[in-house]
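Subject: Structure handover

Hello,

The structure we talked about is placed just below. Please open it alongside this message, as the notes refer to residues by number.

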Amino acid sequence: MTEPAYELAQVNLGRLKAPLDSPRLKDFVDSLDPVNADADGADGFVWRLQGEAGDDATDVPVFGDSWLIINMSVWRDTNALTAYMYQGRHREMLARRREWFERVQEAMVALWWVPAGHRPTVAEAECRVLHLRTHGPTPYAFTLRTSFPPQGATPLLGEVPEGLGCAP
């Protein structure tokens with residue numbers, strides 16, 4: 001079987017309702033390691049962003065906002081990501097997200113195709129989220145609801161849309 005030329009990168013951001021060390025977020029924080037372990041062992045999982053301590057990414061800054069936390073990972077394809085998202089502990093966490101995170105109108109999740117083996121940076125993820133907020137779903141940044149095939153990644157690879165405030 002041939003190795004895929006592209007893999008699916010995903011980023012999701014959450015605006016916390018309280019500090020991570022608060023009692024309000026205890027269940028969320030206590031679930032991070034088991035949920036991440038589930039992801040690490042999931043079919044189609046490739047990679048996830050980790051912080052300095054080598055565990056979750058809650059200490060990784062995003063958009064210069066200390067109330068935002070980031071989760072970023074790479075998967076074989078949209079089917080693998082979807083299968084993981086809507087089962088087990090992760091599904092339970094999704095059902096409770098309003099307890100821990102503010103409801104935000106703007107896009108906080110973006111997907112995009114990366115060349116197999118590429119590990120996206122936070123700056124890359126920020127640009128994809130901003131692009132999705134500005135232009136809606138395109139091959140450069142999309143959602144599970146409106147996705148694009150991997151071949152759409154080729155012409156946009158490494159390019160940053162103008163006017164988004166993202167450094168190339």
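Predicted model: local features only at pLDDT ≥ 70, side-chain atom pairs only at ≥ 80, totals over all residues.

Four strands make up an open sheet, and their order across it is β2-β3-β1-β4. The pairing is antiparallel. β2 and β4 are the edge strands; each has a single partner, so one side of each has no neighbour in the sheet. From one strand to the next, the twist averages 25°.

Two of the pairings can be followed residue by residue. β1 and β3 run antiparallel to each other and are joined over 8 bridges, with valine 11 standing opposite methionine 72 in β3. β2 and β3 are also antiparallel, over 3 bridges. On that side of the sheet order, tryptophan 47 stands opposite valine 74 in β3. β3 itself is mostly covered, since 7 of its 8 residues are buried.

The largest pocket

The volume of the largest pocket is about 1,400 Å³. Its lining consists of 45 residues. Those that lie nearest the centre are Asn12, Leu13, Leu94, Arg97 and Val109. By type, the lining divides into 26 nonpolar, 10 polar and 9 charged residues.

At least two lining residues each come from the strands β1 (6-15), β2 (45-48), β3 (68-75) and β4 (109-115). The helices α1 (26-41), α2 (78-85), α3 (88-95) and α4 (97-100) likewise supply at least two each. The element that gives the most is β3, with 6 residues.

The salt bridges

Side chains of opposite charge can pair when their charged atoms come close. The count for this model is 11 salt bridges.

Glutamate 7 pairs with arginine 119, and their closest N and O atoms are 3.5 Å apart. Which of the two partners is buried? Glutamate 7 counts as buried, because its relative accessibility of 12% falls under the 20% cut-off. Arginine 119 is partly exposed, with a relative accessible area of 32%.

Arginine 15 and aspartate 65 form another salt bridge, at 2.7 Å from N to O. This pair also links distant parts of the chain: arginine 15 belongs to strand β1 and aspartate 65 to the loop between β2 and β3, 50 residues apart. Arginine 15 is partly exposed, at 28% relative accessible area.

Arginine 76 and aspartate 77 meet in a salt bridge with an N to O distance of 3.6 Å. Arginine 76 is partly exposed at 35% relative accessible area, and aspartate 77 also counts as partly exposed, at 22%.

Finally, Asp27, Arg96 and Glu99 are linked in a network of salt bridges.

Regards

Notes:
Residues numbered from 1 in each chain as written. Heavy atoms only, no water. 1 Å grid on protein atoms, 1.4 Å probe; cavity = no way out; pocket = protein on both sides within 12 Å on 5 of 7 lines; lining within 4 Å. Points joined across faces, edges and corners; volume = space filled by probe spheres on them. Nonpolar A, V, L, I, M, F, W, Y, C, P; charged D, E, K, R; others polar. Salt bridge = Lys/Arg side-chain N within 4 Å of Asp/Glu carboxyl O. Buried < 20%, exposed > 50% of the residue type's maximum accessible area, 1.4 Å probe, protein only. Pairing = 2+ DSSP bridges. Axes fitted to C-alpha atoms, helices over the stretch in contact; angles between N-to-C directions.
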